[in-house]
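Here are some notes to read alongside the structure, written for someone opening it for the first time. Keep the viewer open and go point by point.

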Amino acid sequence: MDLLLQGQSWLPVAFAALLGLSILLYVVLDGYDLGVGILTGAVGAGEDGAHKDRMIASIGPFWDANETWLVLAVGLLLVAFPFAQGVVLGALYLPVAVMLMGLILRGVAFDFRAKAVDGHRIWWDRAFFSGSAIAALAQGYMLGLYIVGFERTAANVAFSLLTAVSLLAGYAFIGASWLILKGEGTLQRRAVRWARGTLWLVALGFVAVSVVTPLMSERIFAKWFELPWLVLLAPLPVATAAIFVVLHLVLKALPTRTDRFAWVPLAGAIALFALGFYGLAYSFFPYVVPERMTIWEAAASDASLLIMFVGACLVLPMIAGYTALSYWIFRGKAGRLRYD
Amino acid sequence: MMDALLLSRIQFGANITFHILFPTITIALGWVLLFFKLRFDATGDERWMDAYRFFVKVFALSFALGVVSGITMSFQFGTNWPGFMERVGNVAGPLLAYEVLTAFFLEATFLGIMLFGFRKVPNWLHTLATVLVAFGTTMSAFWILVLNSWMHTPAGYEVIDGVVHATDWWAIVFNPSMPYRLVHMLLASGLTVAFLVAGLSAWRWLRGDRSGGVVAGLRTGVFLAAALIPLQILAGDMHGLNTLEHQPAKVAAMEGNWETRGNVPLVLFALPDQEARENRFEIAIPNGASLILKHDPAGVVPGLNDFVADDGTVEHPPVAPVFWGFRIMVGVGLLMLAVSWAGAWRLWKSDEPGTVLGLALVAMTFSGWVATIAGWYVTEIGRQPWLVTGVLSTAEAVTRTAGAGMVWTSLAMYLALYVVLLAAYVGTLYHLAGKATAAATGRAAPTDPIAQGGERLAATPSA
């Protein structure tokens, strides 16, 4: 415990864990629906229109709630770490604004495309694709800037552009995996091809982040490469590599006639996101602003954290419960969405 | 050249102005949809379901716009107003956290079931989903108005080393202006929706649509408006008296009253001149303001000149926007009273609204938006120069990292986007209404739902 708490209050640690959990859930959940949005860019209008509609229908009942995890994540950053939020969000001012534009565009395009004048639909389709892609790129760029400690040197910006493209590929991959699970027939076959095509880009992103992060500070380097940590942490990269191999093999075999294993790519994608996220969290803990401000220095008062912690413990299981109910109601292959 | 403070204020103002349009609709429309649903469950009368199916589309569209514009605001707390959370985060934080935890997830998750689950779940679960969505929107209004009210009339806190700490959560939640502000806003939402429902239905009626859903929407909207407007006038008056007690400078600006004195007139028209500290072209009713605020023609009403420091620093809000915002709000409220009562009288006597009432309702379709925004400008600009009254000034909270150039860039992007989206939203409402009318009157074949593909256009109203 001492390693975790370093002799200080446990509440900021609990909130760092909550914040991490919401970011991870956001990246996985909105990740697949942003990914579906990105993949609509690969689908033309015309006779492909049915595919596009089915793809969007597969995320229809979920995207609102998925995006709420971002609201919770930024909310937790604001309320639990008030002395870090201005530093982090201030340093990311423009990419945040660009991401928000992307999220606005895609969120409204989702509704407008189904309701607007027929001639306008193609524009809302374009807005849906580009909004999804812009949001993904902006988030990846912010991840890169965060890792390099917000210093905008040429090399750091190049690295951030690489993480931007990698996260775009990651979202496209998890989106394709979602469509393998929820789609049928030609759409499912297409999704398998998309997943194969993006998998290697995701792997490249993992390697880049894994190489750069330890180089950013001696502290992080020591956390990974000094004994006994080198041995104790070895299972992490090994497991990650193994998942990539399994995904590669499964995607070669998909789709199967009985639709067995259609869940494997999505499960693998979630596991990859979780492992990658854990690696980053391990590297940066206990800092919330890399190498500058720890979670204890940034935290709100214990009294305020406690009142939120109690609420979160009561409400989060309920949220998990009704989220599960929603996924159960809309289980199985995605059909047409209709109000009546 | 404008600085980051003014630009950040314009940006947040633009953002919240755009955002508030949509929650104002969804808060009350959720309950109106529940009403339609329950009437259908009770009577089996298809016209209620007809109305439900039309307005659920309006709800879905409004909800999506509300969600995405709301995300933007929470990020702006950090990007543009870092001082807010640094200084008062111990109070504001838990309130925002409870809003997300108890409201946002609830409404977002059950919205999926409410919109797309009609054929997938039992009817009771669909009705329950509708209840939970309506409840969720109202809960989020509750928490955000608690926080907003606390910023106006802070209570239950102490300041240690410049940082606010909570001492009494009961006093924080039930701070002096909260009950008035919450009721005033919920009624504003109800009126906005009443006129939206009546206005869109009247538009369809004028185009010859006599389907059951149109008549149900017309009657529901008009009678709801007629019932709510007197309550709103009463609530608004009490809210004003509460403001007089806790934020006298705001009331002085609303009244355009410069000197503290008795027999203060009710100014109907004026151009407040803050440089000269007087009103130009004033038209006023003698003793009016004293009567309204003190219920006594000689009652002493505070004046703006009391809020100028000895060194000449102005410590009251800018007068003209508060003064004019208040008059626009009240003016629209009086129009609402006239139209809704005349409409209720007419629809009491007859089943047909007639052309005149129909046109009046169409003209009033978005009147709730005008009144709501004008009212929010009064109360929020009226809080200046404070962000949290007496605790934190707006200037202290603004970003030091983002320069004016950056804020210009983001502001220009947001403004362009909001204009396009607002036009698209209003256009789409009329497009949906036109399509429903075309289907009901048989003037045009309903669009083939298969060709439209996995979409969310309801089919023709099943009669």
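1. A definition to start with: a nonpolar core is a set of buried Ala, Val, Leu, Ile, Met, Phe, Trp, Tyr and Cys residues joined through C-beta atoms within 7 Å. Bear in mind too that this is a predicted model. With that in hand, look at the largest nonpolar core, which has 260 residues. The members that touch the most others are A:Ala73, A:Leu168, B:Phe55 and B:Ala225. Helix α3 (residues 82-116) of chain B supplies the largest share of this core, 22 residues.

2. Pick out B:Phe55 from that group. Which residues does B:Phe55 contact once its neighbours within four places in sequence are left aside? They are B:Leu29, B:Val32, B:Leu33 and B:Val197.

3. For chain B the mean pLDDT is 88, with 95% of its residues at 70 or more.

4. One stretch calls for care. Over residues 445-463 of chain B the pLDDT stays under 50, and the model has 42 contacts for them beyond four places in sequence. Where pLDDT is low, the predicted coordinates should not be read in detail.

5. Now the interface. On one side, 63 residues of chain A are in contact with 66 residues of chain B. The elements giving two or more residues to chain A's side are α3 (49-59), α4 (63-80), α5 (82-91), α6 (93-115) and α15 (302-329) of chain A. Which of them gives the most? That is α6(A), with 15 residues. By type, chain A's side splits into 41 nonpolar, 13 polar and nine charged residues.

6. The buried set includes A:His51, A:Lys52, A:Asp53 and A:Arg54, along with A:Met55 and A:Ile56. The cover over the buried residues includes α2 (11-40), α4, α6, α7 (121-147), α8 (154-182) and α9 of chain A.

7. Turn to the hairpin in chain B. Strands β3 (residues 266-273) and β4 (residues 278-285) of chain B pair in the antiparallel sense over six bridges. Going across, B:Phe269 stands opposite B:Ile283 in β4(B), and B:Pro272 has B:Asn279 as its bridge partner. Four residues lie between the strands, and in this hairpin B:Arg277 takes a positive phi near 55 degrees. Why does β4(B) count as lying largely in the open? Because zero of its eight residues are buried.

8. Two other non-glycine residues also have a positive phi worth checking. For B:Asn287, in the loop between β4 and α9 (288-294) of chain B, phi is near 65 degrees. B:Asn287 is partly exposed because it has 18 other C-beta atoms within 10 Å. In chain A, A:Glu291 has a positive phi of about 65 degrees and lies in the loop between β1 and β2 (293-294). A:Glu291 has 13 C-beta neighbours inside 10 Å, so it counts as partly exposed.

9. Look at the cis peptide bonds as well. One joins A:Leu254 and A:Pro255, with omega about -10 degrees, and A:Pro255 lies in the loop between α12 and α13 (264-284) of chain A. Another joins A:Phe285 and A:Pro286, with omega about 5 degrees. A:Pro286 is placed in the loop between α13 and β1 (287-289) of chain A.

10. A:Pro255 turns up again beside A:Gln188. Not counting residues up to four places away in sequence, A:Gln188 touches A:Ile180, A:Gly183 and A:Pro255. A:Gln188 lies in helix α9 (residues 185-216) of chain A. Buried or partly exposed? A:Gln188 is partly exposed, because it has 18 C-beta neighbours inside 10 Å. Its C-alpha atom is 10 Å from that of A:Asp259, 71 residues apart along the chain.

11. Finish with A:Ala234, in the loop between α11 (229-232) and α12 (235-253) of chain A. A:Ala234 is exposed because it has 10 other C-beta atoms within 10 Å. The C-alpha atoms of A:Ala234 and A:Asp125 are separated by 45 Å, and these two residues are 109 apart along the chain.

Conventions
Residues numbered from 1 in each chain as written. Chains lettered and ligands numbered in written order. Predicted model: local features only at pLDDT ≥ 70, side-chain atom pairs only at ≥ 80, totals over all residues. Contact = placed C-beta atoms within 7 Å. Nonpolar A, V, L, I, M, F, W, Y, C, P; charged D, E, K, R; others polar. Pairing = 2+ DSSP bridges. pLDDT = per-residue confidence, 0-100. Buried ≥ 20, exposed ≤ 12 C-beta atoms within 10 Å, placed from the backbone.
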